[in-house]
Amino acid sequence: MALFASSTQDIPESPEVPRHIAIIMDGNGRWAKKRFLPRVMGHKRGVETVRDVVKQCVNLGVEYLTLFAFSSENWRRPPDEVKFLMGLFMEALKREVVKLHQNHIRLVLIGDRSRFDPQLLKEIHEAEKLTQHNTRLTLTIAANYGGRWDIHQAVQRMIHARPELVNGFSESDLADYLSMHYAPEPDLFIRTGGEKRISNFLLWQLAYTELYFTDTLWPDFDEHAFSHSLQSYRQRERRFGRTSEQVASNA
Ligand code: IPE
Ligand code: IPE
Ligand code: MG
């Protein structure tokens with residue numbers, strides 16, 4: 001049974017403060033290039049923005065924050081950059097996990113783990129285990145994640161676990177096997193760095209999410225920029241297929 005309302009099967013709540021925010025953290029390379037620095041310095045600075053955004057989400061009472069850290073297509077980057085990103089991930093995990101735990105934050109990783117090195121896998125597993133019962137904020141890191149991979153793995157696991165469904169299954173049968181089955185669908189999606197695309201992020205889950213795109217590069221995405229995105233979200237009317245009049249009369 002699905003834990004949360006589906007935006008296509010039910011009409012979910014539209015909270016003033018998003019319950020779930022999903023972010024494509026883009027623009028690190030360009031941030032560095034503007035400063036005549038190597039691209040990887042942008043990634044390093046980007047980690048500081050992650051820390052600030054997590055803090056702000058905790059303060060605002062956001063329940064789920066999902067960050068796209070590495071896509072299934074990012075392996076196409078130069079090997080040195082991929083190696084640096086993996087190293088940075090490992091380093092940040094080691095350094096931050098105790099602080100996350102002290103702040104009652106649960107850490108979850110979504111994505112295809114089969115290509116990670118064993119040491120990184122071990123760190124991830126330990127961090128997830130340590131923080132699994134925390135309830136203040138669920139911080140999900142999408143690493144080697146792709147929306148198509150997610151739907152594909154969900155179908156495969158579902159059919160394996162419940163072979164009778166091969167003759168027909170519902171949306172909610174499948175939803176139980178998607179990577180983010182433990183979270184409501186995102187209320188707000190943010191992409192920094194100016195591109196207006198989804199880049200194979202949460203394809204299924206973003207069905208009715210409010211989309212916010214900003215030119216601000218991820219390392220520059222400060223408190224002011226973040227609150228601008230929340231302000232934009234508050235001005236949206238979330239209709240989920242209904243008319244404006246119906247939304248008003250329901251309110
Ligand atoms: C996003 O920044 C971080 C990752 C994809 C890991 P980019 O590295 O894509 O930065 P730009 O888009 O080149 O500026
Ligand atoms: C998307 O950023 C992935 C992450 C932020 C991790 P990219 O910079 O890789 O996206 P594209 O390839 O330009 O669409
Ligand atoms: Mg990019």
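Which residues surround ligand 1?

## Ligand 1

Met-25, Asp-26, Gly-27, Asn-28, Gly-29, Arg-30, Arg-39, His-43, Ala-69, Asn-74, Arg-77 and Leu-85 surround ligand 1. A residue counts as near a molecule or strand if one of its heavy atoms lies within 4 Å of it.

This is a predicted model, where local features need pLDDT of at least 70, side-chain atom pairs count only at pLDDT 80 or more, and totals for chains, interfaces and linings use all residues. Residues are numbered from 1 along each chain as its sequence is written, chains are lettered from A and ligands numbered from 1 in the order in which they are written, and side-chain values use heavy atoms, with hydrogens and water left out.

Polar contacts are pairs of N or O atoms within 3.5 Å; within protein, one must be able to donate a hydrogen and the other to accept it, and residues adjacent in sequence count only if both atoms are side-chain atoms. A polar backbone atom of Gly-29 sits 2.9 Å from an oxygen atom of ligand 1. For Gly-27, again a polar backbone atom, the distance is 3.4 Å. Arg-30 brings a side-chain N or O atom to 2.7 Å from an oxygen atom of ligand 1. The protein buries 87% of the 380 Å² that ligand 1 exposes when taken alone. Accessible areas come from the Shrake-Rupley method with a 1.4 Å probe; for residues, only the protein chains shown count as cover.

## Ligand 2

The residues around ligand 2 include Met-25, Asp-26, Ala-69, Asn-74 and Arg-77. Phe-68, Phe-70, Arg-191, Arg-197 and Ser-199 are also among them.

Ser-199 places a polar side-chain atom 2.6 Å from an oxygen atom of ligand 2. On its own, ligand 2 has 390 Å² of accessible area, and the protein covers 79% of it.

## The sheet

Six strands form an open sheet in the order E3-E4-E2-E1-E5-E6, with parallel pairing. Strands pair if DSSP finds at least two bridges between them. Helices (H or I, at least four residues) and strands (E, at least two) are DSSP runs, numbered from the N terminus. E3 (105–110) and E6 (210–213) are the edge strands, each with a single partner, so one side of each has no neighbour in the sheet.

Strand E1 (residues 20–24) runs parallel to strand E5 (residues 188–191), joined by four bridges. Ile-23 stands opposite Ile-190 in E5.

## Salt bridges

The count is 20 salt bridges, each a side-chain nitrogen of Lys or Arg within 4 Å of a carboxyl oxygen of Asp or Glu. Arg-19 and Glu-63 form one, at 3.0 Å, N to O. This pair links distant parts of the chain, 44 residues apart: Arg-19 lies in the segment before E1, and Glu-63 in the loop between helix H2 (39–60) and E2.
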